[in-house]
Structures are given as C-alpha cells and as structure tokens.
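Keep the picture open while you read, and take your time.

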Amino acid sequence: MTDTPYDSPAISLCKADALPPSEQHAQQYAAVRNAHETELLEDYVELIADLLKHQGEARSTDVALRMGVSQATVSKTVTRLKSLGLVASKPYRSLFLTEKGEAMARMSQQRHTTVLRFLRALGVSDHTARIDAEGMEHHVSQETLDIMERFIRDKAHQRT
C-alpha cells in the first residue's frame with residue numbers, strides 16, 4: 001500500500017474531510033461549475049473596463065492581445081457578451097460596457113483585488129500572486145473574501 005498525501009503528518013485531515021456528505025459534495029461541484037460558466041465573461045468585462053479606464057477605449061485587437069487569443073475568439077465572445085446585455089459596440093468602433101456589464105466588472109475587479117492583496121499579504125511574489133489571483137477570484141465565496149479582507153486589515157495594523 002502506498003502513502004497518500006493525506007497520510008503525511010503535515011496534512012491533518014480528519015476522516016470526514018476526505019469525503020463529505022453527498023449533498024455537500026454536490027453543492028461543491030455545482031459551485032465550481034457555476035464559477036466556470038461565468039469566469040470567461042467576467043474576465044472579458046473586467047479587461048474591457050480596465051482598457052476603458054487606462055487607455056480611454058477598448059478595441060477588440062487590444063482585448064485579443066491581452067487575453068492571448070485570436071480576433072475570431074474575441075469576436076465570438078463579444079457576440080455572446082452583447083446577447084447577455086453586458087457589452088455594446090458599433091461597427092469599427094470600440095467596445096463599451098452596459099450598466100449590467102459595468103456592475104459585473106466592478107464586482108469582478110473587487111474580488112480580484114482582494115485575492116491579489118491577500119496573496120501578497122501571505123508573502124506570495126507579485127508575479128505568482130497575479131497569476132494565481134486570476135484563477136482564484138472566480139471561485140472564492142463572499143465568506144472567504146470577507147475573511148481575506150479581515151486578514152489584510154489585521155496584517156496592516158500589525159505593521160503600524
């Protein structure tokens with residue numbers, strides 16, 4: 001029999017941690033599926049908001065460059081964003097966020113900032129924190145975000 005990571009004395013999980021009750025387990029997977037459904041949309045509206053704020057316009061070419069995807073991929077995603085009422089555009093013009101898109105961008109940016117600041121407060125390098133925050137921000141509950149914020153505040157008070 002081989003050792004599992006759970007057999008390590010450094011990782012102290014109780015028996016219940018290994019396999020939660022069925023209903024709880026199903027809720028965990030449902031939360032992850034829901035996060036996966038919205039994370040791409042949130043990444044796009046967050047980037048569009050950032051481009052509008054820092055460059056004054058959000059062109060599809062800039063979105064493609066910063067997302068590391070093709071123009072065709074951006075076009076397909078922007079079409080979806082438009083159908084969901086998150087983005088508006090005119091032919092040969094920049095992209096704009098609707099009120100609904102701006103609200104989503106604000107929420108996503110707040111989560112991103114909290115996770116990024118938390119990782120930095122833990123001592124994670126800026127480079128790694130930026131990469132990790134980009135994925136984690138979509139999967140963090142409000143309860144966890146609140147605790148992260150409290151940790152950041154407490155750590156700041158310890159320094160003063």
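## What lines the largest pocket

The lining of the largest pocket holds five nonpolar, five polar and six charged residues. Here Ala, Val, Leu, Ile, Met, Phe, Trp, Tyr, Cys and Pro count as nonpolar, Asp, Glu, Lys and Arg as charged, and the others, Gly among them, as polar.

This is a predicted model, where local features need pLDDT of at least 70, side-chain atom pairs count only at pLDDT 80 or more, and totals for chains, interfaces and linings use all residues. Residues are numbered from 1 along each chain as its sequence is written, and side-chain values use heavy atoms, without hydrogens and water.

## Where the lining comes from

Of the 16 lining residues, Glu 46, Leu 47, Asp 50, His 112 and Glu 134 lie nearest the centre of the largest pocket. A pocket is an open set of points on a 1 Å grid over the protein atoms alone, where a 1.4 Å probe fits, with protein on both sides within 12 Å along at least five of seven lines; lining residues have an atom within 4 Å of a point.

Helix H2 (22-55) gives the largest share of the lining, seven residues. Helices (H or I, at least four residues) are DSSP runs, numbered from the N terminus.

## A pair of rings

How many aromatic pairs does a search of the whole structure find? The search finds one. The ring centres of Phe 118 and Phe 151 are 5.4 Å apart and their planes stand at 70 degrees, so the pair is edge-to-face (centres within 6.5 Å, planes over 60 degrees apart).

Key
Helix = DSSP H or I, 4+ residues; strand = E, 2+ residues; numbered from the N terminus. Phe/Tyr/Trp six-rings, centres within 6.5 Å; stacked < 30°, edge-to-face > 60°.
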